[in-house]
Amino acid sequence: TAETFDIIVVGAGMAGNAAALTLAKHGLKVLQLERGEYPGSKNVQGAILYADMLEALVANFRQDAPLERHLVEQRFWMMDDRSHTGLHYRSDDFNEERPNRYTIIRAQFDRWFSQKVREAGATVLCETTATELMQDANGKVVGVRTDRADGEIHAGAVVLAEGVNGLLGTRAGVRKRPTPDTVALAVKEMHFLPREVIEARFNLKGDEGLVIEAAGTISRGMTGMGFIYTNKECISLGIGCLVAHFTSTGETPYGLLDRFKRHPSVAPLIEGSEVKEYAAHLIPEGGFKAIPQLYGEGWVVVGDAAQLNNAMHREGSNLAMTSGRLAAEAIIQVKSRGAPMTATNLSIYKTMLDHSFVIRDLRKYKDMPALMHTYSRNFFLTYPELVSESMQNFLRVDGTPKAEKEKQSLNSFVKSRSWSGLLGDAVRLARAWR
Ligand code: FAD
């Protein structure tokens, strides 16, 4: 078509919606393209929503957003095949007027978010896939081609919010295809149960919610985590592991999920449930070192498409929303100066992102992915087994003197990892954590 927009946003997930909303609210002529039947139809998340990052976009979101439960408790489980050692935090302080974290269901949430984008004045086209970035003779991005018959659309700049696979940017050579050591494959199921059953099983009342993050032998020595999140009338349960590890071990996501569900700590929580949905999706896990070039001549890349995901803290949607908003604010600044959307001018997006928690957090953990990927058997198999064994030894009252028990536990660590191995792991972990 001959129609020209100020900005085209590719993708209507968390990052794309944040960008499109910010741009449209500022009066820019925005076209947003989404390949799904409706926004959210293709999207998968646990899902924990971080309120502050949404509040920066939709201040009064609590009035009408489809929220499930606000979180009052978090459990971390280190698991072996028959037990788990837990660290639980619960506080009534989380029963606050403006709760900080909620569970959501993305298919519903993204539709709501997209409605806000439309209300702000953006044109949102679903069932439309952007197939190619159009570039002028100097290589500047000037629009996109779509899979529609009259599908060439021109714009001053393009925001790539196309998620982890990001084929459009890859095809245009502006970013590399994610490699097996920078993405995890996660599978997830929704287990439906009556509301009161969920509340009784998890000790919740009203809209209180609880999440469990689980690591250990459930991932068979691969880098990966399981999760169990409570919604109003269903439990979302899943597990994800590094793609490179699936390839090298021959384990399957279905196999892992099945084992996780049958674990004696998990099975009673979902007993009698009806499984209604099954989904699989990639998660960017390469961290700081996998972040591609974030801007160029006429384009910026945001969210999962830019590998902006904090695997250590299981945060992704908040980084997506923040990067989408900051990219939009950068574009607005360039536009308000009447300047062209060149790489030099758009570089303020990176400056803004560098100063935000997004890059500061990812930089803090820059060595963590390599450590976890290289020593996955130690951290996800050996230590969880040793911790379980020690906990059981400690708790079993059998007449063995306590000093003897402590010695047994220490010996089992040393026998399994050796003194130098233990020291090496501790030093590597401390260094990567700094
Ligand atoms: P997406 O949400 O993936 O959106 C990309 C959109 O672009 C999609 O709608 C897609 O259909 C569209 N698209 C792609 N290509 C094209 C194209 N060529 N043309 C048109 N449209 C296109 N994060 C959290 O914060 N909390 C959690 O609890 C959490 N749990 C997770 C659990 C799982 C199992 C997974 C897989 C991820 C989880 N994440 C979590 C991460 C979070 O889901 C992502 O970080 C977030 O969705 C990224 O948003 P995005 O907008 O960048 O990408």
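The shell around the ligand is made up of 15 nonpolar, 17 polar and eight charged residues (Ala, Val, Leu, Ile, Met, Phe, Trp, Tyr, Cys and Pro count as nonpolar, Asp, Glu, Lys and Arg as charged, and the others, Gly among them, as polar). The model is a predicted one, in which local features need pLDDT of at least 70 and side-chain atom pairs count only at pLDDT 80 or more, while totals for chains, interfaces and linings use all residues. Residue numbers start from 1 along each chain as its sequence is written.

Among the 40 residues around the ligand, those that come nearest are Gly11, Gly13, Gly163, Gly303 and Gly316 (a residue is near if its C-beta atom, placed from the backbone, lies within 6 Å of the molecule). Domain 1 (4-66 + 105-178 + 287-364) and domain 2 (183-284) both contribute to this shell, so the ligand lies between them; the domain bounds come from an automatic or database assignment.

The C-alpha centres of these two domains are 28 Å apart. At their interface, 13 residues of domain 1 are in contact with 13 residues of domain 2 (C-beta atoms, placed from the backbone, within 7 Å). On the domain 1 side, six of the residues are nonpolar, five polar and two charged.

Notes: Two residues are in contact if their C-beta atoms, placed from the backbone, lie within 7 Å.
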